[in-house]
Structures are given as structure tokens and as C-alpha cells.
Amino acid sequence: MNILFVSSEVEDLAKTGGLADVAKALPIALSKLDQNVKIVTPFYRTTANADQAKTVFENLEVIAGDLRYYYSVKEINLHGVTVYAIDQGDFFDREGIYSDGYDAYADNGERFAFFSMAALHLAHVLQFKVDVVHCNDWHTALIPYFMKKHWHSDPYLSEAKSVYTVHNGAFQGVFNLEQVPFLLKSGVDHQYVHHGMVNWVKIAIQHADKLVAVSPSYAQELQTDLGSHHLGDLFRQRSADITGVLNGCDYSQWDPATDELLPSTYNADDMSGKAFCKATLQQQSHLPVDDSIPIIGMVCRITDQKGFFYLLPILENILHHNVQIVLCGTGDPQFVGQLQELSEKYRNKFYFLNDFSLRFAHLITAGSDFFLMPSLFEPCGLNQMYSLAYGTLPIVRAVGGLKDTIVDYEADPETCNGFVFHHPEPEDLLSCVLKALLFYYEYPEVFNTVKHRAIKTRFTWDAAAQQYLAVYNSMK
Ligand SMILES: Nc1ncnc2c1ncn2[C@@H]1O[C@H](COP(=O)(O)OP(=O)(O)O[C@H]2O[C@H](CO)[C@@H](O)[C@H](O)[C@H]2O)[C@@H](O)[C@H]1O
């Protein structure tokens with residue numbers, strides 16, 4: 001099949017979160033299944049590996065009404081998969097990807113409406129006869145609509161079907177139409193405009209041939225009022241076309257046996273290197289180096305989604321116990337401020353790195369005993385899979401993909417691989433963390449057995465790619 005995979009971020013090139021991990025690993029896994037995949041993504045100022053990019057087209061033009069937009073295309077080889085990076089300086093040659101800091105760029109709608117159309121235009125320019133256009137999250141959510149409205153008689157796109165994957169349904173691309181000249185001028189049917197506003201994800205739900213959620217539980221949750229980010233009615237109307245496909249874990253990047261970012265590698269048969277990683281983590285976090293103290297690690301965007309509003313009220317309570325916490329993340333300035341205050345107050349117990357650091361993320365994953373993900377919602381979650389692979393036991397809320405991947409000790413001692421709580425409330429979270437700590441101190445042998453079980457768990461991208469292929473084939 002000829003697959004055009006369109007994503008606003010791709011790991012190794014540009015990344016702010018889990019979408020990037022998927023946009024690299026899934027196309028590579030699909031190409032290993034002999035599919036012809038081409039990735040399209042923006043060429044940002046911060047795009048890494050830019051030195052390897054070669055310009056393959058210049059001065060291409062897309063038109064929206066009387067507006068003309070010009071762009072070039074750079075080609076990059078990503079482990080055998082061709083990436084076409086849309087180079088449009090006004091839109092993408094900036095400090096950040098979506099924002100300069102915390103505030104989103106005011107013209108994000110315009111930037112990604114253009115990008116979505118340019119991705120389709122590029123398929124035409126390449127004379128790539130597309131079977132499936134696979135779009136991801138709000139940035140590319142207009143694509144299924146553009147395909148029907150503007151490309152229905154194009155020789156390369158007229159027979160193409162569209163798949164829309166929901167990685168995070170909370171971000172819906174809601175814009176005032178007046179502030180998106182590209183969309184305004186290219187024409188949008190009036191039923192999608194409410195009080196001057198357009199919700200791109202709503203349009204994708206109505207126009208994509210198939211919808212995929214990044215875990216089976218999230219596919220269910222999207223069809224409930226509570227878990228659908230207010231889109232439940234629309235998702236329910238498409239229930240026959242929604243599939244849940246659990247993301248995989250990219251073990252070429254996340255395997256403690258081969259991880260070049262770690263001070264010491266280790267594997268299930270010899271986990272001594274993990275203790276060295278723990279000591280290094282304690283050292284780099286300016287915490288007492290002591291193997292007997294359990295470390296709870298966290299790596300994430302610091303947002304409501306990740307549960308900070310009910311973690312913060314009990315963080316001090318956790319810190320009163322014999323434990324260390326290491327957190328690496330960026331996000332909401334208010335949460336960040338509170339976390340910084342706490343880390344100063346508990347210098348010997350809590351280290352907070354307010355940064356985006358791949359190296360430190362790997363060190364936390366390897367050096368911690370527990371990995372905390374108290375998410376309010378979690379479409380799939382990747383870090384719990386990474387931490388399992390490193391023998392680091394996840395403490396998670398039973399939601400979305402966390403529910404599909406982590407089994408609590410009390411639910412099933414034979415298959416358990418972590419600790420699970422249910423209600424997004426401080427008390428529930430606290431008692432789960434304390435239970436995990438008790439387990440660490442009181443039952444070291446069982447803890448060890450579960451660690452060994454965790455490190456052997458596998459969630460492969462091959463399995464996920466096979467399921468996506470089944471979705472693509474179902475549209476033929
Ligand atoms: N400060 C930091 N330093 C270094 N690395 C950092 C970091 N903060 C985050 N990361 C990395 O970014 C990625 C985050 O992935 P997640 O899947 O956990 O969350 P995200 O909410 O972004 O993704 C959304 O899309 C993905 C993909 O489908 C879903 O799994 C998820 O549930 C959904 O919310 C991980 O690779 C993590 O290590």
C-alpha cells in the first residue's frame with residue numbers, strides 16, 4: 001500500500017511529546033511489513049538532522065482563494081523511510097514548534113491548515129498514488145475534509161482513504177475562522193462554523209474513513225460523556241468505524257541492554273547495572289546516594305492531564321516518608337512554580353529538572369524503582385511501557401492505555417507489573433503510592449520477581465503496525 005503519513009512532529013526531527021514517538025516508530029514498522037510509507041512533517045528551525053536534509057522541490061505553490069502560499073520540500077532519510085519536510089519559513093522558521101514558551105502561536109491554525117493542504121499537494125507533485133492518508137491529532141485533522149472537498153478528482157488522491165488517529169482528544173484545534181485565512185479563503189462549509197469558530201477534530205471525526213484511538217480503552221472512553229473531551233455524541237455516531245490500537249514501545253531506543261544514554265547497561269539476567277544507574281541518578285539529582293531508599297521517577301509534560309492538580313496536594317505527604325522523587329518536565333507555569341518551591345524545601349528528597357532532556361529521561365527511567373503516572377486521562381501513555389522495559393514499576397491510574405498495560409498486584413499477583421489506583425483524587429493516589437512503598441520495604445523478594453517480569457514485557461510496534469494494516473485493508 002502507498003501510505004502518506006502526516007504528522008506535526010516526528011522523533012529524531014522535532015518532538016514535544018508522544019505523537020513524535022509514534023510518528024517515527026509506526027511508519028518504520030509499516031515499512032518493515034513491506035508497505036510504501038512516506039512521512040510528511042514541517043521543517044522547523046529546530047528540526048534536528050537538518051544537515052542531512054536535501055532540497056527536492058522549491059517554489060511549490062498552494063492556493064486558497066486569492067491567497068498564494070509558497071514552500072520548498074526537504075527530503076530526509078529516517079531509518080529507511082523517506083520524510084518530506086515542508087519548508088515554509090514564515091510558518092516554521094521559529095524558535096518553537098507550537099509556542100515560544102507557554103503561549104501558543106496566534107497563527108497556529110493558519111500554519112497547520114496550510115501544512116495539511118501542502119501535504120496533499122505534495123502527494124500530487126510526487127505523483128504518489130495514495131491508498132491511505134494517515135493523519136494524526138488536531139494539526140492534521142482538516143486533511144480528511146480537504147481530501148473530499150479539494151482533491152476528489154485528483155489522479156493521485158481521488159481513491160485515497162483517510163485514517164485519523166486520536167493521540168490526545170483534548171486538543172481539538174478550535175479557531176476563530178477569521179484568524180485562519182487559509183481556511184476562510186479555501187472555503188469551509190457553514191455547518192462546521194459555530195459562532196465564527198471551527199473545531200477541526202469535529203470535522204475529522206465526521207470525514208475520516210476510519211478513526212483510531214491509541215488504546216482499546218481510550219477507544220471506549222471516547223464514546224462516553226466522561227472520557228470524550230465533550231465529543232461523545234460525534235464519536236458514538238462513528239462507533240462502527242473506531243478501533244483501538246495500542247501503541248508499541250520502540251525497543252531500539254528504549255532497551256536497557258543497549259541504551260547508549262545510560263551510564264551502565266543491564267538486562268533481565270543481570271540487573272546490577274540498574275543499581276549503578278540509580279546511584280548516578282541520585283548523584284546528578286544532588287540527592288543522597290543510597291541504594292536502600294526507593295526512588296519514584298516522573299517524566300512528562302506538566303499539565304492537568306498528567307494529574308498534577310491532585311498530585312501536588314499530597315506531594316509533601318509522600319515526601320515525609322523515606323523516599324526520593326525525581327521529576328523532569330516542562331509545562332504549566334503555576335504547577336512549575338509550586339514544584340520548584342517544594343524541591344527547594346525538600347532538597348534532600350525531591351529533585352525537579354524543569355527541562356526537556358532525553359538523556360535525563362532515560363536516566364530517570366533506568367535509575368528509579370517506581371515510575372509515577374497519575375494521569376487524569378491517558379490515551380495510551382508510552383512512559384509506562386518504557387519503565388517496564390527498564391524494570392521500573394509503574395504506579396498509574398486505571399485510565400486509557402494505562403489500564404490496558406498495567407496490572408495491579410492485588411488484581412492479580414501472578415501477572416501484576418505495577419500499582420494501580422482508580423479515582424483521580426489525592427487520597428486514592430496517596431494510598432496507592434504508600435502501598436507501593438510498603439511493598440518495596442516489606443516484600444523485597446516479591447518486588448524483585450515483579451521487576452523481572454516487568455523487564456521482559458513486550459509491546460511491539462510490529463503488532464501495532466499489523467493492526468493498522470488491518471484498519472487500512474478494511475477500507476478497500
Ligand atoms: N521533559 C521531558 N524530557 C524528555 N522527554 C520527555 C519530557 N516530557 C515528555 N517527554 C517524552 O515525551 C513522550 C511523552 O509521551 P506520552 O505518550 O506519555 O505523552 P503525550 O501526552 O505527550 O502523548 C499523547 O500521545 C501519545 C502517543 O499516542 C499517547 O501515548 C499519550 O497518551 C497522549 O497523551 C515520551 O517519550 C516522554 O519520555
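Trainee: What makes a residue buried or exposed?
Mentor: A residue is buried if 20 or more other C-beta atoms lie within 10 Å of its own, exposed if 12 or fewer do, and partly exposed in between, with C-beta atoms placed from the backbone. In this chain, buried residues make up 50% of the 476 residues.

Trainee: What kind of model is this?
Mentor: This is a predicted model, in which local features need pLDDT of at least 70, side-chain atom pairs count only at pLDDT 80 or more, and totals for chains, interfaces and linings use all residues. Residues are numbered from 1 along each chain as its sequence is written.

Trainee: How many helices and strands are there in the chain?
Mentor: The chain has 17 helices and 18 strands. Helices (H or I, at least four residues) and strands (E, at least two) are DSSP runs, numbered from the N terminus.

Trainee: What about strand β7, is it mostly covered or exposed?
Mentor: Strand β7, residues 161–166, is mostly covered, with 5 of its 6 residues buried.

Trainee: Which strand does β7 pair with?
Mentor: Strand β6 (residues 132–136) pairs with β7 in the parallel sense over 5 bridges. Two strands pair if DSSP finds at least two bridges between them. V132 has K161 in β7 as its bridge partner.

Trainee: Changing topic, how is the chain divided?
Mentor: There is domain 1 (2–248 + 461–473) and domain 2 (272–456). The bounds come from an automatic or database domain assignment. The centres of the two domains, taken over C-alpha atoms, are separated by 32 Å.

Trainee: And how many residues are in contact there?
Mentor: On the domain 1 side, 18 residues are in contact with 11 residues of domain 2. Contact requires that the C-beta atoms of two residues, placed from the backbone, lie within 7 Å.

Trainee: Which element gives the most to that side of domain 1?
Mentor: Helix α7 does, with 4 residues on the side of domain 1 that touches domain 2.

Trainee: Now the ligand: how many residues surround it?
Mentor: The ligand is surrounded by 26 residues, and the closest are G17, G18, H167, P379 and C380. A residue is near a molecule or strand if its C-beta atom, placed from the backbone, lies within 6 Å of it.

Trainee: Where does the largest share of that shell come from?
Mentor: It comes from α1, which supplies 4 residues. Each of domain 1 and domain 2 provides at least three residues of the shell.
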